[in-house]
Amino acid sequence: MKFLHLFSVIACSLAVLSGPAFALEHETCCTRAKAAGKVCEHKCCEKARKDGKVCEKCNGKKEKKEDK
Ligand SMILES: [Zn+2]
Ligand SMILES: [Zn+2]
């Protein structure tokens with residue numbers, strides 16, 4: 001019986017860890033807008049988009065996560 005309990009705990013934590021964490025990794029104002037079929041309305045993002053880039057201020061560089 002203990003084994004079953006342990007298994008469900010592990011399954012739950014795995015689901016929690018792999019679900020939202022993975023989604024949040026790339027979630028920015030721009031990706032969210034894109035997912036909704038729109039473009040991001042932030043001034044900075046709009047400007048970057050006109051240059052054919054993504055806004056670094058909002059989307060950041062992959063490994064650097066400086067948040068305010
Ligand atoms: Zn944006
Ligand atoms: Zn921006």
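**A conversation about the chain**

Guide: Cys40 counts as buried because 22 C-beta neighbours lie inside 10 Å; a residue is buried if 20 or more other C-beta atoms lie within 10 Å of its own, exposed if 12 or fewer, and partly exposed in between, with C-beta atoms placed from the backbone. This is a predicted model, in which local features need pLDDT of at least 70, side-chain atom pairs count only at pLDDT 80 or more, and totals for chains, interfaces and linings use all residues. Residues are numbered from 1 along each chain as its sequence is written, while chains are lettered from A and ligands numbered from 1 in the order in which they are written.

Visitor: Where does Cys40 lie?
Guide: Cys40 is found in the loop between α3 (29-35) and α4. Helices (H or I, at least four residues) and strands (E, at least two) are DSSP runs, numbered from the N terminus.

Visitor: And what does Cys40 touch?
Guide: Leaving aside residues up to four places away in sequence, Cys40 touches Cys29, Cys30, Ala33 and Cys45. Two residues are in contact if their C-beta atoms, placed from the backbone, lie within 7 Å.

Visitor: How many helices and strands are there?
Guide: The chain has five helices and zero strands, giving the pattern α-α-α-α-α along the sequence.

Visitor: What share of the chain is buried?
Guide: Of the 68 residues in the chain, 6% are buried.

Visitor: Let us change topic. Where is confidence lowest, and where is it highest?
Guide: Confidence is lowest in helix α2 (residues 20-25), with a mean of 50, and highest in α4, at 95. The score here is pLDDT, the predictor's confidence in each residue, from 0 to 100. The chain averages a pLDDT of 80, and 74% of the residues score at least 70.

Visitor: Which residues does Cys44 touch?
Guide: Cys44, which belongs to helix α4 (residues 43-50), touches Cys55, Lys57 and Cys58, not counting residues up to four places away in sequence. Cys44 and Cys58 are 14 residues apart in sequence, and their C-alpha atoms are 8.3 Å apart in space.

Visitor: Why does Cys44 count as partly exposed?
Guide: Cys44 counts as partly exposed because it has 13 C-beta neighbours inside 10 Å.

Visitor: What about Lys57, where is its place?
Guide: Lys57 sits in helix α5 (residues 56-59). Lys57 is partly exposed, since 13 other C-beta atoms are within 10 Å. The C-alpha atoms of Lys57 and Cys45 are separated by 8.2 Å.
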